[in-house]
Amino acid sequence: MQLQVARLGRPHGIRGEVTVELFTDDPEGRFVPGAEFVTEPAANGPLTVTSARWNKGTLLLGFDAVRDRNRAEELRGTYLFVDSDELEDDGEDEGWYEHELLGLEVRVGVEKVGTVAELRTMPVQDLLVVRTVDGRDVLIPFVDEIVPEIDPEEGYVLLTPPPGLLELNAEQEGSAPSGDEA
């Protein structure tokens, strides 16, 4: 299984470096010279890192096949992937990957309230997007107090939400603006 770790952004400078939107919690360990990534679209890769540096909080990467700004611009929007089988498992709980959670039944007690639709990796804390049985998407803080148990073998996630959380954090799609229309 392929695991998405980054999306390439705009070029930086004239030597082919690109900015990177990160989807990994270990950029220093993942983006090292010699690291190779599968790409989507596939025609843009594979890409091998030749340089990695930080500039004002943004990771900049150089690749062996990218020597100038024009080629770097062609890579804008390209996603970088690693094979999840290659990831180290040192026995410590490092968290969950989205592909491990997608589709799991979400329960409050023994009652099914929905399924996991997405994992949003955020700067402060991650959020589970739960598609409820009535079709709404609800944002759930992915913290031990609210998500105390995850059992992929049995196919479920157990929630202990505070009162009103499932109603309060429903994402509103297509909500009408308040006030009179002109």
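How many bridges pair strand β9 with β10, and in which sense do the two strands run? Strand β9 (residues 127-132) and β10 are joined by 5 bridges, in the antiparallel sense. One of these pairings sets Leu127 against Pro141 in β10. Two strands are said to pair if DSSP finds at least two bridges between them. Strands of a sheet pair through backbone hydrogen bonds, either parallel or antiparallel.

The model described here is predicted: local features need pLDDT of at least 70, side-chain atom pairs count only at pLDDT 80 or more, and totals for chains, interfaces and linings use all residues. Residues are numbered from 1 along each chain as its sequence is written, and side-chain values use heavy atoms, with hydrogens and water left out.

The protein chain contains 4 helices and 12 strands. Of the 182 residues in the protein chain, 36% are buried. A residue is called buried under 20% relative accessible area, exposed over 50%, and partly exposed in between, with a 1.4 Å probe and protein chains only.

Strands β9 and β10 belong to an open sheet of 6 strands, ordered β10-β9-β8-β7-β12-β11, in which the pairing is mixed. The edges are formed by β10 (137-141) and β11 (149-151); each has a single partner strand, so one side of each is left without a neighbour in the sheet. From one strand to the next, the twist averages 35 degrees. Such angles are taken between axes, which are lines fitted to C-alpha atoms (for helices over the stretch in contact), and run from 0 to 180 degrees between N-to-C directions.

Another 6 strands form a closed barrel in the order β1-β2-β5-β4-β3-β6, with antiparallel pairing. Here neighbouring strands are turned by 50 degrees against each other on average, direction ignored. Strand β6 (residues 79-83) is joined to strand β1 (residues 2-12) by 5 bridges, and to strand β3 (residues 36-40) by 3 bridges. Phe81 in β6 takes part in both pairings: Gln4 is its bridge partner, and Val38 also stands opposite Phe81.

Two residues may now be examined individually. His12 is found in strand β1 and counts as partly exposed because its relative accessibility is 25%. Among the residues that His12 touches are Glu17, Arg53 and Leu60; contact means heavy atoms within 4.5 Å. His12 and Asp68 are 56 residues apart in sequence, and their C-alpha atoms are 9.8 Å apart in space.

Thr24 lies in the loop between β2 (17-22) and α1 (27-30). Thr24 is classed as buried because its relative accessible area is 16%. Not counting residues up to four places away in sequence, Thr24 touches Val5, Arg30 and Phe31. The side chain of Thr24 also reaches the backbone nitrogen of Asp26 at 3.3 Å.

Finally, Arg107 lies over the face of Tyr156, at 4.2 Å from the ring centre. A charge sits over a ring if NZ of Lys or CZ of Arg is within 6 Å of the ring centre and within 35 degrees of the ring normal.

Technical notes: A polar contact is a pair of N or O atoms within 3.5 Å; within protein, one must be able to donate a hydrogen and the other to accept it, and residues adjacent in sequence count only if both atoms are side-chain atoms.
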